[in-house]
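Please read the points below with the structure open alongside. They are meant as a colleague's notes on the fold and its packing.

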Amino acid sequence: MSEVPGGHASSNDHLDERLDEGLEETFPASDPVAVHALRKEMLMLNADAVKNAERRRMAPLTGPTQLKREATRDIAGALNALLADVFALYIKTKNFHWHVSGPHFRDYHLLLDEQADQIFAITDPIAERVRKIGEGTLRSVGQIAQRQRITDNEADYVSPADMLAELRESNLQLLQGMRETHSLCSEHDDVATTSLLEVWIDEAERRVWFLYEAGRTERTG
Ligand SMILES: [Fe+2]
């Protein structure tokens, strides 16, 4: 067995040895032509596999899609902004879930927890949709902060009525972003994203409805 510079046996040497052992077991020694032909074929297949693996390592992180690059870039931009907004709304909803107080504590605490779960559940499908169309998605809390359009609320105290009103506004803002993204995806015939958005728009409208009705008691009571 030959040694490559540095004293290590090359991977081709190991392959040769393994091939020889395997071929001796599979074929009778009386058929050297068949052994030689098969040996050559297997070495060529291995060379192709190595070349393909190298090509895959060097390829950019893009995925297969029938959408044009211009479309995927625009859709990914809209979806990543939406994803940042969804994370911002999730944290705001949880923030109010944790800090709400007053006579309706139990109702609001539970309502906001339910809404936060629903909001969080769409983060992964949004990010994976971006990856499915071959683009990159968010990688950090810092990138969320850069892209979010829904503002945070770090006030020490927010009244329950103001919490419900602010969440209603933030959900309406998210709805607006979803509708705009839906229009963009429709233009590019990205039916999978529009289909997902239609469900999320319905869910957001339900959240707005509940926040509105729950807030009505606060305003009159
Ligand atoms: Fe909780």
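Predicted model: local features only at pLDDT ≥ 70, side-chain atom pairs only at ≥ 80, totals over all residues.

1. The average pLDDT of the protein is 86, and 79% of the residues score at least 70. Over residues 1-9 the pLDDT stays under 50, and for that stretch the model has eight contacts beyond four places in sequence.

2. Overall make-up. The protein contains eight helices and zero strands, so the order of elements from the N terminus on reads α-α-α-α-α-α-α-α. Of its 221 residues, 24% are buried. Among contacts with a separation of 6 or more, 74% are between residues 24 or more positions apart.

3. The largest nonpolar core. This core has 37 residues, and those touching the most other members are Leu79, Leu82, Leu83, Val86, Leu89 and Ile126. Two or more residues each come from helix H3 (69-99), H4, helix H5 (123-132), helix H7 (160-187) and helix H8 (191-220). The most is given by H3, with twelve residues.

4. Leu82. What does Leu82 contact once its neighbours within four places in sequence are left aside? The partners are Ile126, Gly177, Met178 and Thr181. Both Leu82 and Ile126 are named among the core residues that touch the most other members.

5. Length of H4. Helix H4 covers residues 105-120, which is 16 residues; at 1.5 Å a residue it should span 22 Å, and its end C-alpha atoms are 22 Å apart, in agreement.

6. Faces of H4. The buried residues in H4 are Tyr108, Leu111, Leu112, Gln115, Ala116 and Ile119. Seen down the axis of H4, these buried residues fall within an arc of 135°, so they line one face of the helix. An α-helix has 3.6 residues a turn, so residues three or four places apart point the same way. Arg106, Leu110 and Asp117 are exposed on the other side of H4.

7. Leu111. This residue is found in helix H4 and counts as buried because it has 21 C-beta neighbours inside 10 Å. With its neighbours within four places in sequence left aside, Leu111 is in contact with Phe210 and Ala214. Leu111 and Ala214 are 103 residues apart along the chain, and their C-alpha atoms are separated by 9.3 Å.

8. Faces of H5. Which residues of H5 are buried? They are Ile126, Arg129 and Val130. These cover an arc of only 100° around the axis, which puts them on the same side of H5. Asp124 and Glu128, on the other side of H5, are exposed. After H5 comes Gly134, with a positive phi near 85°.

9. Asp189. The phi of Asp189 is positive, about 60°, although this residue is not a glycine. Asp189 lies in the loop between H7 and H8. Is Asp189 buried or exposed? Asp189 counts as exposed, because it has 11 C-beta neighbours inside 10 Å.

Notes
Residues numbered from 1 in each chain as written. Helix = DSSP H or I, 4+ residues; strand = E, 2+ residues; numbered from the N terminus. Expected span 1.5 Å × (residues − 1). Buried ≥ 20, exposed ≤ 12 C-beta atoms within 10 Å, placed from the backbone. Arc of directions from axis to C-beta. Core = buried A, V, L, I, M, F, W, Y, C linked by C-beta atoms within 7 Å. Contact = placed C-beta atoms within 7 Å. pLDDT = per-residue confidence, 0-100.
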